[in-house]
Amino acid sequence: MTNIKIENLTKAFGDRKVINNLNMEIKKGESLVIIGGSGTGKSVLIKNMIGIMHPTSGKVYYDNLSFYDASKEERKEIMSKIGVCFQGGALFDSMLIWENVAFVLTHHQKMPAKKAKEIAIETLALVGLNSDVADLYPSELSGGMQKRASITRAIATNPEIIFFDEPTSGLDPINTNLISDLIIKCSKELGSTTITITHDMNGAKRVANKVAMLYKGNIVWEGNKENMESADNPYLQQFINGKTTGPIEVEVRA
């Protein structure tokens, strides 16, 4: 299992720093939820942690190995331990569901299609989708089923680390709770370290054992979810209680 450390991470687009000298440690087996409003840098942070974006400066370590200083083979080894459930699901429209789920197995691990499909069907069952779904296209599934299928793709390789980017956005309360329960399942039953980014406080409280709040590209509060309500932090209290006045509003106005 892998520990993650982020050290002085900055990502700038021109003069605008979306991630600003951020430091954080994520211990193996943790279920970390990163909360914060839209535009606070949550998705950008994940993209910098997995190589979709390259940081302007700073380091990302996986078990003391610097991701951006690592060789191509070392990065490949790190990524083989990681699963990602992208915002919106990001399923390939032209592929059947089983082909989506088995994408890494067939394209990167070069597994034969027959075996990969068997694994895909077995993994779909873990998220409550039956074998009939395997031969459908994403457009033939409801939004909630598409989300579950994208989670299946993220866990098909039994990753040590799983990133969930706004996994419950756009879902009704029942499907929101269902997806939250699946994240808990990944953490507890698969033993994976999970990093979930969301602005949904109900989902955050449901899945987290540790919470970090991101604001203007940096961590303004970090701790156990049990301590959120009593924490003496004006940014956190404004956000979790949905208050229209407070330091977030003042700084946005400025």
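The model is predicted: local features need pLDDT of at least 70, side-chain atom pairs count only at pLDDT 80 or more, and totals for chains, interfaces and linings use all residues. Residues are numbered from 1 along each chain as its sequence is written, and side-chain values use heavy atoms, with hydrogens and water left out. Helices (H or I, at least four residues) and strands (E, at least two) are DSSP runs, numbered from the N terminus. Two strands pair if DSSP finds at least two bridges between them.

**The four-stranded sheet**

- An open sheet holds four strands in the order β2-β1-β4-β5, with antiparallel pairing.
- Its edge strands are β2 (16-26) and β5 (65-66), each pairing on one side only.
- Strand β1 (residues 4-13) runs antiparallel to β2, and seven bridges join the two.
- Along that pairing, Ile 6 stands opposite Met 24 in β2, and Lys 11 stands opposite Ile 19 in β2.
- The hairpin of β1 and β2 has two residues between the strands, and Gly 14 takes a positive phi near 70° there.
- β1 also pairs with strand β4 (residues 57-62) in the antiparallel sense, over five bridges.
- Glu 7 has Lys 59 as its bridge partner in β4.

- Strands β9 (residues 210-215) and β10 (residues 218-224) run antiparallel and are joined by six bridges.
- Met 213 stands opposite Trp 221 in β10.
- Two residues lie between the strands of this hairpin, where Lys 216 takes a positive phi near 50°.

- Buried means under 20% relative accessible area, exposed over 50%, and partly exposed in between (1.4 Å probe, protein chains only).
- Six of the eight residues of α9 are buried, so the helix is largely enclosed by the rest of the structure.
- The buried residues are Tyr 235, Leu 236, Gln 237, Gln 238, Phe 239 and Ile 240.
- At the start of α9, a side-chain oxygen of Asn 233 reaches to within 3.0 Å of the backbone nitrogen of Tyr 235.
- Gly 242 follows α9 and has a positive phi, near 65°.
- Phe 239 sits in α9 (residues 234-241) and counts as buried at 18% relative accessibility.
- Contact means heavy atoms within 4.5 Å. Leaving aside neighbours within four places in sequence, Phe 239 is in contact with Ile 35, Gly 36, Gly 37, His 199, Met 201, Met 213 and Ile 248.
- Phe 239 and Gly 36 are 203 residues apart in sequence, yet 7.5 Å apart in space, C-alpha to C-alpha.

**Thr 152 in helix α6**

- Thr 152 lies in α6 (residues 143-155) and is buried, with a relative accessible area of 0%.
- Its side chain reaches the backbone oxygen of Arg 148 at 2.8 Å.
- Not counting residues up to four places away in sequence, Thr 152 touches Val 101, Ala 120, Thr 123, Leu 124 and Val 127.

**The largest pocket**

- On a 1 Å grid over the protein atoms alone, a cavity is a set of points where a 1.4 Å probe fits but cannot get out; a pocket is an open set with protein on both sides within 12 Å along at least five of seven lines; lining residues have an atom within 4 Å of a point.
- Grid points are joined across faces, edges and corners, and a volume is the space filled by probe spheres set on the points.
- The largest pocket holds about 680 Å³ of space.
- It is lined by 20 residues, of which Met 79, Ser 80, Ile 82, Val 104 and His 108 are the closest to its centre.
- The elements that give two or more residues to this lining are α2 (72-79), β6 (82-85), α4 (103-107) and α6.
- By class, the pocket lining has 11 nonpolar, six polar and three charged residues. Ala, Val, Leu, Ile, Met, Phe, Trp, Tyr, Cys and Pro count as nonpolar, Asp, Glu, Lys and Arg as charged, and the others, Gly among them, as polar.

**The cavity**

- A search of the whole structure finds one cavity of 30 Å³ or more.
- The largest cavity holds about 50 Å³ of space.
- α7 (173-188), β8 (193-198) and α8 (201-207) each supply at least two residues of its lining.
- The largest share, three residues, comes from α8.
- Four nonpolar, five polar and one charged residue make up the cavity lining.

Methods
Polar contact = N/O pair within 3.5 Å; in protein donor to acceptor, adjacent residues only side chain to side chain.
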